[in-house]
Amino acid sequence: MKFQEIKPHPSLSSYIDRIFVLECEGKLPANDLKLIVPNARVKLVFPFKNSITAQFNGSKFHSQENKTTLIGVSDLPSVVDIGEDRPSGNITVEFSPLGAYRFLNLRLSEIKNTIYLLEDVMGNQTLQLEEQLQNTSGLPQKIIIIQKFLLNVFAQKQEDKVFEYCVQRLMQDKGRTLISELERSTGYTSRWINAKFNERIGTSAKNLSSIIRFQQYYQAVNSNQEQFFFEREF
């Protein structure tokens, strides 16, 4: 298995957590980790070689080769695998919690805990992107095409400064900021804040805080840092 992380364009770095390429020679071994845990990040997946399957929210989804998949924010785990037992490769764009709204023109609560073809959301823009990717053989060139596409759609949406401030507070405080504190610092009500979070992330501020705290525990266990639990307060 080959994993390669790509640095996002500087203009996108606050809104995209990471871009990575995953390639392997066949289906993942049965004992390899395939479970994807919630991390409050909307994802775009570009399978340029082979297809991907995902078991998610009680349903099974099949992402075809050269078709772009949109994965909504999730508070449920999913299991992913390669579609066929042959060489595979995909490019994944993982937006930051505050980032996806700058690229997708829809209420993100509508795609929570679901998987869609990006074509169903963005129409002809996606078809043009997929045609370009399919007609380009080199991986570096595919990355350039994807980043240009993201820069173009990013430029068409205005930032929401109050919303971004609230998300940044939660992330900086590792999910421990109370909603009442956001009310005092912004002057907006909890109802307004939660409406913004549901629209622009796909989940409430309280649920985002829970996911952020869960990720602290999960990363600690994943890194075998048992002492972490006794040194940090949540």
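Let's start with Arg102 and its surroundings. Setting aside neighbours within four places in sequence, Arg102 is in contact with Tyr15, Val153, Phe154, Lys157, Gln158, Glu159 and Glu164. Contact here means heavy atoms within 4.5 Å. Arg102 sits in the loop between E9 and strand E10 (115-117). Helices (H or I, at least four residues) and strands (E, at least two) are DSSP runs, numbered from the N terminus.

A word on the source. This is a predicted model, where local features need pLDDT of at least 70 and side-chain atom pairs count only at pLDDT 80 or more, while totals for chains, interfaces and linings use all residues. Residues are numbered from 1 along each chain as its sequence is written, and side-chain values use heavy atoms, with hydrogens and water left out.

Back to Arg102. Is it buried or exposed? Arg102 is buried, yet has no salt bridge. Buried means under 20% relative accessible area, exposed over 50%, partly exposed in between (1.4 Å probe, protein chains only). A salt bridge is a side-chain nitrogen of Lys or Arg within 4 Å of a carboxyl oxygen of Asp or Glu. For Arg102, the nearest side chain of opposite charge is Glu164, 4.3 Å away. On charge, Lys and Arg count as positive, Asp and Glu as negative; His and the chain ends are not counted. What does the side chain of Arg102 reach? The backbone oxygen of Lys157, at 2.7 Å.

Now the salt bridges. The whole structure has 12. Take Arg18 and Glu94: their closest N and O atoms are 3.3 Å apart. Arg18 lies in strand E2 (residues 16-24) and Glu94 in strand E9 (residues 88-95), so this pair ties together parts 76 residues apart in sequence. Arg18 is partly exposed, at 27% relative accessibility. Glu94 is buried, at 6%.

Glu94 also forms a salt bridge with Lys43, with the closest N and O atoms 3.8 Å apart. That pair links distant parts of the chain too: Glu94 in strand E9 and Lys43 in strand E4 (residues 43-49), 51 residues apart. Both Glu94 and Lys43 are buried.

Next, Lys67 and Glu119. Their side chains meet in a salt bridge at 2.9 Å, N to O. Lys67 is in the loop between strand E6 (59-63) and strand E7 (69-71), and Glu119 is in helix H1 (residues 119-122), so parts 52 residues apart in sequence are tied together. Lys67 is buried, with a relative accessible area of 18%. Glu119 is partly exposed, at 28%. Elsewhere, Asp160, Lys196, Glu199 and Arg200 are linked in a salt-bridge network.

On to the core. A nonpolar core is a set of buried Ala, Val, Leu, Ile, Met, Phe, Trp, Tyr and Cys residues joined through side-chain atoms within 4.5 Å. The largest has 48 residues; Ile91, Val93, Phe95, Phe103, Leu104, Leu150 and Phe197 have the most contacts inside it. Helix H3 (residues 139-154) gives the largest share of this core, eight residues. A second, separate core of six residues includes Val45, Ala54, Ile71 and Ile115.

Finally, the overall picture. The protein has eight helices and 10 strands. Of its 234 residues, 47% count as buried. Among contacts between residues at least 6 apart in sequence, 73% join residues at least 24 apart.

How values were computed: Polar contact = N/O pair within 3.5 Å; in protein donor to acceptor, adjacent residues only side chain to side chain.
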